[in-house]
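This report goes through one protein chain, from its overall make-up to a few of its side chains. Please look at the sequence and the structure first.

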Amino acid sequence: TLDQAAVVVAALDKLGVARAHGFVGASYGGMVGLALAQQFPERLGRLVVISAGAEPHAAGTAWRDLQRRVVALGIEAGTAAEALTIARGMGMLSYRTAPEFGQRFEGGLDSQDPLGRTEPGDYLRARGEAFQAVMTPQRFLSLSGSIDRHRVEPEKISTPTLVIGAETDQLVLPSQMVALTERLAGPAEVHLLESLYGHDMFLKEAERIGALIKPFLDARPNDQEA
């Protein structure tokens with residue numbers, strides 16, 4: 001994420017933007033935002049971090065470790081596409097919540113074949129197949145590893161920061177969001193929201209989150225901000 005922050009700054013340089021008014025990042029984007037504020041505080045006026053922490057939680061690393069092993073096995077066996085589909089399905093289980101699955105699908109297996117189709121399994125298969133249009137197995141491994149290498153020191157971040165998280169997030173726990181906010185050197189506030197969608201709250205409830213972000217970003221920019 002520190003490397004990605006440097007890429008953001010290179011893009012700002014190319015655009016001729018000396019100081020951005022704000023950076024809004026969710027999940028991996030939130031990690032990059034934190035890295036940006038730590039490394040290049042002079043380039044950023046405000047920071048919004050959604051569903052991201054200062055470092056990975058052990059439970060999240062465990063999910064991703066299994067996913068990487070599945071994809072690596074698929075590459076070795078010549079079934080990388082199917083392996084990526086499975087890994088994405090595993091990811092969806094961590095992004096969403098059990099109550100949502102309970103509302104949307106029937107549990108259980110009707111077939112005598114242990115590999116028979118199930119309602120939630122069909123959903124995860126469809127999401128995995130769609131994922132292949134935007135991700136390759138090799139890129140997936142790179143991104144997954146980058147997430148688990150993410151580390152920032154909040155005590156070095158003085159940028160005014162708005163932190164938003166979901167009470168039901170299984171990957172970035174509410175306690176991580178609170179700890180991040182308490183450790184930040186600059187002005188910071190945290191909002192933890194109840195959501196059926198867990199980590200994916202920022203995708204499914206954009207208007208709700210936007211209502212928190214807008215007044216934070218509407219603060220008067222100085223003349224050098226863009």
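The chain has 10 helices and four strands as its secondary structure. Read from the N terminus, the order of the elements is α-β-α-β-α-α-α-α-α-β-α-β-α-α. The model is a predicted one.

**Overall shape**

The chain has a radius of gyration of 19 Å, which agrees with the value near 17 Å that a compact globule of 226 residues would have. Along the principal axes, the C-alpha atoms fill a box of roughly 70 × 35 × 30 Å. Of the 226 residues, 44% count as buried. Where contacts join residues at least 6 apart in sequence, 75% of them link residues at least 24 apart.

**Helix H4**

Helix H4 covers residues 80–95, which makes 16 residues. From its first C-alpha to its last it reaches 22 Å, close to the 22 Å expected at 1.5 Å a residue. The buried residues of H4 include Ala 80, Ala 83, Leu 84, Ala 87, Met 90 and Tyr 95. An α-helix has 3.6 residues a turn, so residues three or four places apart point the same way. Against which helices do the buried residues of H4 pack? They pack against helix H3 (58–77), H6 and helix H7 (137–149).

**Aromatic rings**

A pair of aromatic rings is described by the distance of the centres and the angle of the planes. The structure holds four aromatic pairs. One of them joins Phe 101 and Tyr 123, and this pair is edge-to-face, with 6.0 Å from centre to centre and 75° between the planes. Phe 101 belongs to helix H5 (residues 98–104) and Tyr 123 to helix H6 (residues 119–131), so the pair ties together parts 22 residues apart in sequence. Phe 101 is buried because its relative accessible area, 13%, is under the 20% cut-off. Tyr 123 also counts as buried, at 13% relative accessibility. The pair of Phe 131 and Phe 140 is edge-to-face too, because the planes stand at 90°, over the limit of 60 degrees, with the ring centres 6.3 Å apart. Phe 131 and Phe 140 are both buried. Phe 101 and Tyr 123 also belong with Phe 105 to one aromatic cluster.

| Charged residue | Ring | Distance to the ring centre |
|---|---|---|
| Arg 88 | Phe 131 | 4.1 Å |
| Lys 204 | Tyr 197 | 5.5 Å |

In the case of Arg 88, the charged end sits over the ring of Phe 131. Lys 204 lies over the face of Tyr 197.

**A loop residue**

Leu 184 is found in the loop between helix H8 (174–183) and strand E4 (188–193). Is Leu 184 buried or exposed? With a relative accessibility of 8%, Leu 184 counts as buried. Leaving aside residues up to four places away in sequence, Leu 184 touches Pro 154, Ile 157, Thr 161 and Val 163. Leu 184 and Ile 157 are 27 residues apart in sequence, while their C-alpha atoms are 5.8 Å apart in space.

Terms used: Residues are numbered from 1 along each chain as its sequence is written. This is a predicted model: local features need pLDDT of at least 70, side-chain atom pairs count only at pLDDT 80 or more; totals for chains, interfaces and linings use all residues. Side-chain values use heavy atoms; hydrogens and water are left out. Rings of Phe, Tyr and Trp (its six-membered ring) pair if their centres lie within 6.5 Å; planes under 30 degrees apart count as stacked, over 60 as edge-to-face and the rest as tilted. Helices (H or I, at least four residues) and strands (E, at least two) are DSSP runs, numbered from the N terminus. Buried means under 20% relative accessible area, exposed over 50%, partly exposed in between (1.4 Å probe, protein chains only). A charge sits over a ring if NZ of Lys or CZ of Arg is within 6 Å of the ring centre and within 35 degrees of the ring normal. The radius of gyration is taken over C-alpha atoms; the globule rule is 2.2 Å times the number of residues to the power 0.38. Contact means heavy atoms within 4.5 Å. The expected span of a helix is 1.5 Å times one less than its number of residues.
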